[in-house]
Structures are given as C-alpha cells and as structure tokens.
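Reader: I would like to learn how to read a model like this one, feature by feature. Where do we start?

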Amino acid sequence: MKISITICFFICAYSLSFAQTSQFRAKLNRSDEPVYLRIDQVSADIIGYDGDEIIIEAVPSVTGVKPAAAAGLDEIILPGRPKEDNIIKPSMREDTSGLSINIPPGNFSKLSIRVPKSIILFIRTDMNLINGKITVNNINSIDIEGTLASVEVHNVTNFVVQGGGWHQGSRATGKVIISDVKWTDAPVIINGEPHHRTYIVGTTNSDIELSIPADAKANFIFSSDYGKAYSNLDVKAQDVSEEFMIDYKRFYHRALALKSISLNNGKVNTIINSSYGTIYLKKE
Amino acid sequence: MKRIVTLLTIIFGFTAAFGQTFQTTVNYNPKREQPLVESHLAKFHVKGKELIVIDVQEATANFEGYDGDDIVIEADPVASKPAVVLPGFSLASSGLLPSDNLVHYRVLTNEPGVFGLSLTIPYTTGLKFGHYKVLVPKNIKLKVVFVISELGAKMSFKNLSNGLEVEGTAPVITFDHISGPLTLSEGINGHRIGGTEKIIISHLQQSNAQFDSLEDTPLLNIITTHGDVDISLPQEAKATIQVDAGYGNLYSDLNMVKQRPAFPLVKSRYTGNVNGGGRMIVINAANGNVYLRKEK
C-alpha cells in the first residue's frame, strides 16, 4: 500500500511539474543555438520577429464554425470533452546540443509561435489531423520532420521538410508549399560549426509546390514512385551524377527512379521526394 | 490491497473486452511464392465458398455485388485519376510507365469446398496506378485488404448483402446499399495509422441483414485514425449508436435519444438510440468528425 501511495505521489508530482501557462517565453544564449521544438496534434503558425525571445501561445479555435459537411446538422457535445482553452504545459531542457522545448497536446487547436528571425529551428511532430497545418515565415533555418498534414514555408534561408514514411503511416492529405528561399550553397552554422547545406523536401502522398527564382542556379534531384514533376521554369533533364548520388544517399538509403533536372546549369542541390504526390517547380 | 488489485483486474479485463473487433473466422495466410498472373480478365467460380479474401495494393477498385456465382475482375485504366497540371506547366520528368489494362494477381489459396478463395493484386513498381472493377456474388462473405495512397483515390463497395470486413487505408472509402455486418478497420498492417480522409456509408439495407448467430455483432463497426465518417441512415432504421471521437466532433440531424453512459466511462463517447434503439453502430474516429444524417 505504501508503495502504491509513493507511486501515486510521484505521478502527481510529475504532472504538476509541467507548469500551466497561457504564454511561454524562452531566451536563446546565442543566435546560432539550435532550438528543438516538439509539438503534436496541433497546427502552428511560426513567424520570425526582431526580438530575442521565443514566445509560444495557444490559440483556441473559433467556436461555432461548422465544417461544410455539417450544414443542416446539429453538433452533439461529446461527454467529457473539455472546452478549448489557451493553457499550455511546456517543458524545456537546455544542454550543449541546444534548447529543447516540448508542448504537449492540450485543449487548443493551434499554437502561435514567435521566434527570433535568426533562429535555427527543428520541429518534430505527429500530426494526425486532416486539416492540420504548420506555417513558417521569415526565419533563418527550418527543419520539420514527422507525420505531417499541410506545411507552408516562406522567406527562409534553409529548409528541410520531411513527412510521412511507412513507419509513420501513409498520409493522404495536405500539400507542402515552399517559397521565397534565399538560395545559397553557404554552410549552415550551428553552434559555431559549419554544416552541409542541402535543401530537402520529402512527402509520402502530399503534392509539393516549390517556388524558385528564374535566375537561380539549382539542381533538383528527385525520386518518385508514382508522382510526376511539372515546371514552368526553363529546366533541363540531366544525368544523375555520382556527386548527386552521394548527396542523395547522405539522407536516403533508397534511390528508386532517381531523376535530376537543372536550372541555369545548376549549383545549389535540392532533394525532392514524393512517393505519390505531384511535384511542381514554380517560377517565383 | 487485495481488493484494489482485484478491482483493477476486473476493470482492465472489462476494458480489454471492449477493444476487440469483429473478425472473420477464416485464417488469411498468404503464400507469396505463387506466380503472378497477368490477364485481361480474372474469373473465379466461388459458389459454396465461405469466404473470399482479396488484397489490393496501390490500385483503386469498385467492388459490386451481383446475382452471379463468379468473381470477375477487370482492369479499367481509364478510370485512373490524372495528375492536375497547373496552367503554363509542362512535364519535367517522370519515371512512370503508363497504366495497362491487365489484371495482375496471385491466387494465394483456392481450396475446394468451403474454405474459400484468397488472392492478391500486388503493386507493380513504376507502373501508373491501376483501377479494377470487381463483381462478386452479393451474398458472399467478403474480406478486402488494401492500401492506396494516391491523393483522392477511392475504394468503393456496393450492393453487398452478407458480412463484409474491410481493412486498409485509402483517401476515400464508400459503402452503398450494403446490409452489414460491416467491420472497417482503417489503417496499415494493424497499426491503425492510415491516410483515410472520408468514409461514406449510404443506403444501408438494414432490413435485409442476415443476423442469425451474429446477434451481438455490431451492424457497423468503424475504426479510423484520421478520417471523417459520414453515415446516412434510412428514416425507419432502429439503431443504437456509439461514437468515440477523441479530437473530432459529432454532428447529426437524427432524432437520437442520448443513453446513460455504460460502465466503464469513456471520455468523449456518446451513445444514443434512434427509433428506440436496435443493432449497434460503433464508430471510433480518433481524429475525424462524425456525421450521422437522415437518408435523402
């Protein structure tokens, strides 16, 4: 019995250690300190600003808005379902590898996240909501991995967006849209160390729309089991060179039906994977 | 302490009993070494067979019941969904072969007597998505396993009046003029993580259902991780409806009378009777919305 009480005490203490708040703030030690953000089952708007703090707030959905399919139907309240609120229970850990922030799912459908514009942000997520969406605007480097629905990334210097995969379940929703990228082959500086820069976007099912300036010098190395690539840019098919293969295999073991096209004779490498989605390379 | 342990054992045992889903009784034991057959038409005489198991991988299919004794499978490449091409865009690259009009299949078992037929239609790397029309005797017990990941792709089941068990994931899954019992377990390899967006059930033929020894079997038992579930019920249908929706909402225009929650209490579970209650309709939609509407 004593053991049971002790276990209960520790469970309660652990629960309480996730402090409840309506706004979470954290400050970076250095501008190149990476931030690892874990968010699940929630949409998020992430936007860079001129401040030096990360500010996270929950945004309850607007009540009374019905989906189109519910026209003429009444909502039946499910017993025990808590009303939406703006309470988050964040936890944070900082070590030599960077700052880790975890926001567990709560009674809210969206997070509003403001970050320093210079941030190097890694997001890990399991998004099982059909209409879930993560948007990223005006930051330095973004790396999103997990089970994703829709993703939009605009105005960044570096991006990695990888969703789906068999171990996470085949998804069939959403679209990945990326635009206004500062195309460069300069290394990404993390914790003072230079890291190889390769732009990557990969999905299982989702269509991909990647906007590129017409004068950018870029190579696109891509693989698709069932999708096709379309473009309104002056792209040219090229052989998959050994160099491309090496770059590709730094990130993927499987290189089925690997293709490559170049824009303005190429320079910066971008890897694109979509097993089932259609790939659009758009003129910016 | 003993009382607490005993009580916890009973609660866990009771809860576990609710986690069970209706399963057909014939073992599905695929033998992958069977040769792949390519044919313009696949036809199997299945009169007297107890269960048909068909596994379709990365191809859409329309299953339709009819009055014959054969299963007839035809490929229909025209029905494959074309990619949406934006104005001003042209094809930059593709590794795909065009779809053909052949049925690619392996017969895994085709025993004489009642054991049944099981066959698989595997995916072919590099080949464009296929589409199949599958005619099945409408009174046969059918199990269909599938995975299709193409955006907007649809699996459909129509005019089937015996037990139907469906396991897999496709963006849209529709059932029309079926009498149940229907078990739909949406997900992949039992992990219950699927990419289904919509499950639509209409023209439920409850009056023709063969209940016999299946009194305790739900008329519909739907499990989905992502998808919305949209069920139209005939005006005269008598049903007891149990909905679990962890993150989704429930919408309805049925005259449902809410029932007192049964023990053990489950969060976000609604139980209601339509026309005084009747066969169970069980819906577990973890992340999707549930729509229950009057048939029009």
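Predicted model: local features only at pLDDT ≥ 70, side-chain atom pairs only at ≥ 80, totals over all residues.

Reader: What secondary structure does chain B contain?

Author: Chain B has one helix and 23 strands. Among its contacts with a separation of 6 or more, 73% join residues 24 or more positions apart.

Reader: Why is strand E17 of chain B described as largely enclosed?

Author: A residue is buried when its relative accessible area is under 20%. In E17(B), residues 228-233, five of the six residues are buried, so the rest of the structure largely encloses this strand.

Reader: Which strands pair with E17(B)?

Author: One is E15(B), residues 198-202, which pairs with E17(B) in the parallel sense over four bridges. There, B:Ile199 has B:Val229 as its bridge partner. Another is E23(B), also parallel to E17(B), over five bridges. In that pairing B:Asp230 stands opposite B:Tyr291.

Reader: Where in chain B is confidence lowest, and where is it highest?

Author: Start from the average: chain B has a mean pLDDT of 78, and 75% of the residues score at least 70. Confidence is lowest in helix H1(B), residues 2-18, with a mean of 48, and highest in strand E23(B), residues 290-294, at 96. Residues 9-30 of chain B have pLDDT below 50, yet the model gives this stretch 28 contacts beyond near neighbours in sequence. Residues 208-213 of chain B also stay under 50, with eight contacts beyond four places in sequence.

Notes: Residues numbered from 1 in each chain as written. Chains lettered and ligands numbered in written order. Heavy atoms only, no water. Helix = DSSP H or I, 4+ residues; strand = E, 2+ residues; numbered from the N terminus. Contact = heavy atoms within 4.5 Å. pLDDT = per-residue confidence, 0-100. Buried < 20%, exposed > 50% of the residue type's maximum accessible area, 1.4 Å probe, protein only. Pairing = 2+ DSSP bridges.
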